[in-house]
Amino acid sequence: MARIVFDLDGTLIDSAPDIHGIANKVLEQERCEGISLAQTHDFIGNGAAVFVSKMRAARGIGDSEQARLYTDFVARYDDAVTLTLPYSGVLAALDKLKASGHRLGICTNKPISPCRAVLAHLKMDHYFDTMWGGDSLAVHKPDPAPLHAAFAALGDGPQLYVGDSDVDAETGQRAGVPFLLYTEGYRKFPVEQMPHTVAFSDFAELPRLVHELLVAA
Ligand SMILES: O=C(O)COP(=O)(O)O
Ligand SMILES: [Mg+2]
């Protein structure tokens, strides 16, 4: 049985509408115009601090405001759950993978508190034996340390990593772990430009892909 670690935003859940909502509340507080959902997709992937920094840059807010706006953003983050949904087929795929005996974990750049909050809200937390957020260690993805930590917490067995972004592709590569690229998340680059073992666009395909990779290994 394998250890399968998942990225969160843009992979298992479409959380951008909620992140968009809190970004625009922070900007409203600053009397600035909001950002678009497309910009939100673009700014997700490197964690909350980078998100806030890109959001500021889009509205010409200086670096001196980073700490204050980051604090405001993060204070709103645990409650940003109401518009978020798992992607189509995710729950059925996780059910099948669990039923096959695989152990599942999360390695996200989202801070661990809102990661736990949104998965609890969606009643998805029971699938995962371990969760690592962008602030769980001193370093975050694309540094491979949190991914290694997630796999270590899941014990022994082949390792597979599933994610949607260039950050995830780099993390998988640096960790030396097969990477399954979900193409319908917040991807910024063509699939061909992202190092991956296999790409998929529908979670209904995932249990079969996992099986094939494990047979081939
Ligand atoms: O919070 C982010 O920027 C991204 O989160 P992810 O690593 O789950 O895609
Ligand atoms: Mg992601």
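# Close-up views, one by one

**View 1. Strands S6 and S7, side by side.** Strand S6 (residues 159–163) and strand S7 (residues 179–182) run parallel, joined by three bridges. Look for Val162, whose bridge partner in S7 is Leu180. Strands and helices here are DSSP runs, numbered from the N terminus (helices: H or I, at least four residues; strands: E, at least two). What you see is a predicted model, in which local features need pLDDT of at least 70 and side-chain atom pairs count only at pLDDT 80 or more, while totals for chains, interfaces and linings use all residues. Residues are numbered from 1 along each chain as its sequence is written, with chains lettered from A and ligands numbered from 1 in the order in which they are written.

**View 2. S7, covered on both faces.** Phe179 and Leu181 sit on one side of S7, Leu180 and Tyr182 on the other, and all of them are buried. "Buried" takes 20 or more other C-beta atoms within 10 Å of a residue's own, "exposed" takes 12 or fewer, and "partly exposed" is in between, with C-beta atoms placed from the backbone.

**View 3. The whole open sheet.** Six strands line up in the order S5-S4-S1-S6-S7-S8, and their pairing is parallel. S5 and strand S8 (198–200) are the edges: each has a single partner strand, so one side of each is left without a neighbour in the sheet. On average, neighbouring strands here are turned by 20° against each other, direction ignored. Two strands pair if DSSP finds at least two bridges between them. Axes are lines fitted to C-alpha atoms (for helices, over the stretch in contact), and angles run from 0 to 180 degrees between N-to-C directions.

**View 4. Helices H7 and H9 on the sheet.** Go back to the parallel pair S6 and S7. Helix H7 (residues 145–153) packs on the sheet, where it touches strand S1 (3–6), S4, S5 and S6, and its direction makes about 160° with that of S5. H9 also packs on the sheet, touching S1, S6, S7 and S8, and the direction of H9 makes about 170° with that of S8. Residues are in contact if their C-beta atoms, placed from the backbone, lie within 7 Å.

**View 5. Where H5 meets H9.** The axes of helix H5 (residues 90–99) and helix H9 (residues 206–216) cross at roughly 35° and come within 9 Å. From H5, the contact uses Ala93, Lys96 and Leu97, and from H9 it uses Leu206, Pro207 and Val210. Sorted by class, that makes five nonpolar, no polar and one charged residues. (Nonpolar is Ala, Val, Leu, Ile, Met, Phe, Trp, Tyr, Cys and Pro; charged is Asp, Glu, Lys and Arg; the others, Gly among them, are polar.)

**View 6. One face of helix H6.** Pro114, Cys115, Val118 and Leu119 are the ones to find in H6 (residues 112–121), as they are buried. Seen down the axis of H6, these buried residues fall within an arc of 130°, so they line one face of the helix. That arc is taken from the directions from the helix axis to the C-beta atoms. The buried residues pack against strand S2 (13–14), helix H4 (66–77), strand S4 (103–107) and strand S5 (128–132).

**View 7. Loop residues with a positive phi.** Lys123 lies in the loop between H6 and S5. Lys123 isn't a glycine, yet its phi is positive, about 55°. It counts as exposed because it has 9 C-beta neighbours inside 10 Å. Arg31, in the loop between helix H1 (16–29) and helix H2 (37–43), has a positive phi near 55° and isn't a glycine either. With 6 C-beta neighbours inside 10 Å, Arg31 counts as exposed.

View 8. The peptide bond from Lys141 to Pro142 is cis, with omega near 15°. Gly133 is buried, with 22 other C-beta atoms within 10 Å. Apart from neighbours within four places in sequence, Gly133 is in contact with Thr108, Lys110, Pro111, Ile112 and Cys115.

**View 9. Two domains.** Domain 1 (3–14 + 83–216) and domain 2 (16–77) divide the chain, with bounds from an automatic or database domain assignment. Their C-alpha centres lie 24 Å apart. The contact takes 14 residues from domain 1 and 13 residues from domain 2. On the domain 1 side, the classes are five nonpolar, six polar and three charged residues.

Definitions and conventions. Two residues are in contact if their C-beta atoms, placed from the backbone, lie within 7 Å.
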